[in-house]
Amino acid sequence: MSEEKKTFEVCVDAVLCKGCGYCKELCPKSVYDFGTEYNAAGYLFMTPVNAQACIGCRTCMMVCPDFAIEVLEK
């Protein structure tokens, strides 16, 4: 029997994100980096630049103080 690899969708709410970088620092697969655009509040919000590497640990969701990240299983 072959085990199907799970894939995940990583979503960052640009309106809520304040660009603290906790997700970038703690992600074991380097999924996040600072984006190139500012949100309406003037923050350089985080962007999933390596989303295909996400293993679904959801550490980013747990450490985000603004609840701006959601990781969904596809």
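Which backbone nitrogen does the side chain of Asp13 reach at 3.0 Å? In this predicted model, the backbone nitrogen is that of Val15. Because the model is predicted, local features need pLDDT of at least 70 and side-chain atom pairs count only at pLDDT 80 or more, while totals for chains, interfaces and linings use all residues. Residues are numbered from 1 along each chain as its sequence is written, and side-chain values use heavy atoms, with hydrogens and water left out.

The chain has two helices and four strands, which follow one another in the pattern β-α-β-β-α-β along the sequence. Helices (H or I, at least four residues) and strands (E, at least two) are DSSP runs, numbered from the N terminus. The C-alpha trace spans about 50 × 20 × 15 Å along its principal axes. Of the 74 residues in the chain, 30% are buried; buried means under 20% relative accessible area, exposed means over 50%, and partly exposed lies in between, with a 1.4 Å probe and protein chains only. The accessible surface comes to about 5200 Å², and carbon and sulfur atoms account for 54% of that surface. These areas come from the Shrake-Rupley method with a 1.4 Å probe, and for residues only the protein chains shown count as cover. Taking contacts (heavy atoms within 4.5 Å) between residues at least 6 apart in sequence, 54% join residues at least 24 apart.

Returning to Asp13, this residue sits in the loop between strand 1 (8-12) and helix 1 (22-26). Asp13 is partly exposed, since its relative accessible area is 34%. Another aspartate, Asp33, is 20 residues from Asp13 along the chain, and the two C-alpha atoms are separated by 14 Å.

Asp33 leads on to the charged pairs. The structure holds two salt bridges, each defined as a side-chain nitrogen of Lys or Arg within 4 Å of a carboxyl oxygen of Asp or Glu. In one of them, Asp33 pairs with Lys24, with the closest N and O atoms 3.2 Å apart. Asp33 counts as partly exposed because its relative accessibility is 30%, and Lys24 is likewise partly exposed, with a relative accessible area of 30%. Lys18 and Asp66 form a salt bridge too, their closest N and O atoms being 3.3 Å apart. This pair links distant parts of the chain, 48 residues apart: Lys18 lies in the loop between strand 1 and helix 1, and Asp66 in the loop between helix 2 and strand 4.

The cysteines come next. How many disulfides does the structure hold? The number is zero, a disulfide being a pair of cysteine sulfur atoms within 2.5 Å. Cys20 is in no disulfide, and the nearest cysteine sulfur, that of Cys64, is 6.0 Å away. Cys20 is partly exposed, with a relative accessible area of 40%, while Cys64 counts as buried at 11%. Cys54, in the loop between strand 3 (44-48) and helix 2, is also buried, with a relative accessible area of 14%. Leaving out residues up to four places away in sequence, Cys54 touches Phe8, Val10, Val31 and Val71. Cys54 and Ser30 are 24 residues apart in sequence, and their C-alpha atoms are 8.4 Å apart.

The largest nonpolar core has 16 residues, among which Tyr32, Ile69 and Val71 touch the most other members. Such a core is a set of buried Ala, Val, Leu, Ile, Met, Phe, Trp, Tyr and Cys residues joined through side-chain atoms within 4.5 Å. Strand 1, strand 3 and strand 4 are the elements that give two or more residues to this core, and strand 1 provides the largest share, three residues. Not counting residues up to four places away in sequence, the contacts of Tyr32 include Val10, Val12, Met46, Cys60, Ile69 and Val71. Lys24, the salt-bridge partner of Asp33, is also among the residues that Tyr32 touches.

How values were computed: A polar contact is a pair of N or O atoms within 3.5 Å; within protein, one must be able to donate a hydrogen and the other to accept it, and residues adjacent in sequence count only if both atoms are side-chain atoms.
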